[in-house]
Amino acid sequence: MRALALLDGRISTLDPRAPEAEALLAVDGTIQQTGTTRDVRDALAALRRSGPVEELDLAGKRALPGLTDSHIHFVNYGLNLERVELTAAPSLEVVTQRVGHAAREAPAGEWVRGWGWDHSLWPEPRFPDRHALDAVAPRIPVALRRKDGHMMWLNSAALAAAGISATTPDPPGGRIGRDSHGEPDGLLFENAQDLAYRAMPEVTPAQAERAARRAQAELHRVGVTGIHVPEAAFAFRALQTLDRAGELALRATMMLTHDGLAEAIETGLTSGFGGAFLRAGPVKLFVDGSLGSETAAMLSPFERSDNTGMLIMSADEIAASVERAARAGLACAIHAIGDRANRVVLDAFERTRDVWAPLDLRQRIEHVQVLHPDDVPRLARIGVIASVQPIHATQDMDLVDKLWGARGRYAYAFKSLLDSGAHLAFGSDAPVETPDPLAGLYAAVARRRPDGRPEGGWYPQECIDIAQAVKAYTVGAAYAAGAEAVSGRLAPGYWADVTILTEDLITGPAEAILRSRVAHTIVDGRIVYST
């Protein structure tokens, strides 16, 4: 037996029967009791005869149910910690300087890979081309993914290695950027990125496992105890390796790829299958692109253009996949950014509802980035979870104003979705944005950046309160994973996963979120991080 007691704290249990507690007792990773410090101390006396008991004095700190990131590219986040860092690079020149340095240091035969560039931040916010990379890396292949992951920027050596030329056709669901002469300009949109991936050295199991360990440590540092992972099989294998070795200290729900749906059905895999630390989740589908890459599928064109984005799957294809998955016991999590994409996905879920609803499958839309007003109430009415990333609202607000204009009123419409009765599950989309849930909480509550901009908040009518935001990282995330009976609350019988903060977010102002730091992270009744 192993026991952990949290004493003298301010514990938000999210248990309707006893929402606040001073103390908590966990035995062998499961919560046995919450209540007063005196009650828990009394229970400890008997437990000490059965085995070691660890006590943690919270000294008035605020404890929450362990925070779950409901959408994180977990292994890729770890891998990108070792690649060229381009997040928030303020200019094209800064990007090329970093790439040039990496190219000079790269071993022979390797690619230079990077992540996070965002042309909208540059003084001249235009799409780049291969020539800028050729100037600093003329011989070694260079591949840089845009921050949203929906566009890749290559140099000429990488284009040659991938066999991409003027005669290469656009693949289904993708587009090769071309200059005025029809030559590839170095940009690959959506599925066209696969042309480059096929030419790159594959991530080895050892690299994926190392990245997973590094990512896990970073997530513990920011108070995350659970993850929902929309990645390919290499990530699933890495998580299985850590789980078998007893090293996995995050509750991981692994999404399955659409390409692997047939194999999943053939083997009888169902959503929710697995153990306490690793379980199968929904099948991940992509329906459109992104805002920044201007490939989100829109009902009407982007501002000042005739571009309506890209719809990667038709309504019939989506409905067929949802029904096929549901009949095998698999839910779906469908990436949809634009208002047209979200409408098409909602139509597909509604058409197939008679198949999946009786099975209590937790159907999700990932991102739900902008909705037509008529579609806001449909998620609740159909029974579809909004898996959203609040940090996108404040990071993307300038781009939304520029590219979507007045449609931004129903972008990241968290309050409207909650008021309609929809379930929210919060995440980060890391490495697209920081995985720090405190940043997400502040974005959801204040709809401002940490520098206070814009005063009063961006579309402040969509602000939610701190209790609602915390619930989306806990109860909502557990519901999305089908684990609400054991996760998301601090109550007897639930997993002992706890995030302990230095500031009291529940009773303090929104700025308390900015001041707060993670004091301790607890997973399965074990302290896995302390300041």
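This is a friendly conversation about a predicted model and the terms used to describe it.

Modeller: Local features here need pLDDT of at least 70 and side-chain atom pairs pLDDT 80 or more, while totals for chains, interfaces and linings use all residues. Residues are numbered from 1 along each chain as its sequence is written, and side-chain values use heavy atoms, leaving out hydrogens and water.

Biologist: Welcome start! What makes residues 23-27 a largely enclosed strand?

Modeller: Strands are DSSP runs of E with at least two residues, and helices are runs of H or I with at least four, both numbered from the N terminus. Buried means under 20% relative accessible area, exposed over 50%, and partly exposed in between, using a 1.4 Å probe and protein chains only. Five of the five residues of strand 4 are buried, so the rest of the structure largely encloses it. Ala23, Leu25 and Val27 lie on one side, with Leu24 and Ala26 on the other.

Biologist: How do you know that strand 4 pairs with strand 1 and with strand 5?

Modeller: Pairing requires at least two bridges found by DSSP between two strands. Strand 1 (residues 3-7) has four bridges to strand 4, and strand 5 (residues 30-35) has five. Both pairings are antiparallel. Val27 is the bridge partner of Ala3, and Ile31 that of Ala26.

Biologist: Why are strand 9 and strand 13 called edge strands?

Modeller: Six strands make an open sheet in the order 9-10-11-12-14-13, with mixed pairing. Strand 9 (84-85) and strand 13 (174-178) each pair on one side only.

Biologist: Why are helix 7 and helix 8 called roughly perpendicular?

Modeller: Axes are lines fitted to C-alpha atoms, for helices over the stretch in contact, and angles run from 0 to 180 degrees between N-to-C directions. Under 35 degrees counts as roughly parallel, over 145 as roughly antiparallel, 65 to 115 as roughly perpendicular, and the rest as oblique. Helix 7 (residues 205-221) and helix 8 (residues 233-244) pack at about 70 degrees, their axes 9 Å apart. The two helices are therefore roughly perpendicular.

Biologist: Which residues meet there?

Modeller: Counting contact as heavy atoms within 4.5 Å, Ala208, Glu209, Ala212 and Arg213 in helix 7 meet Phe234, Ala238, Thr241 and Leu242 in helix 8.
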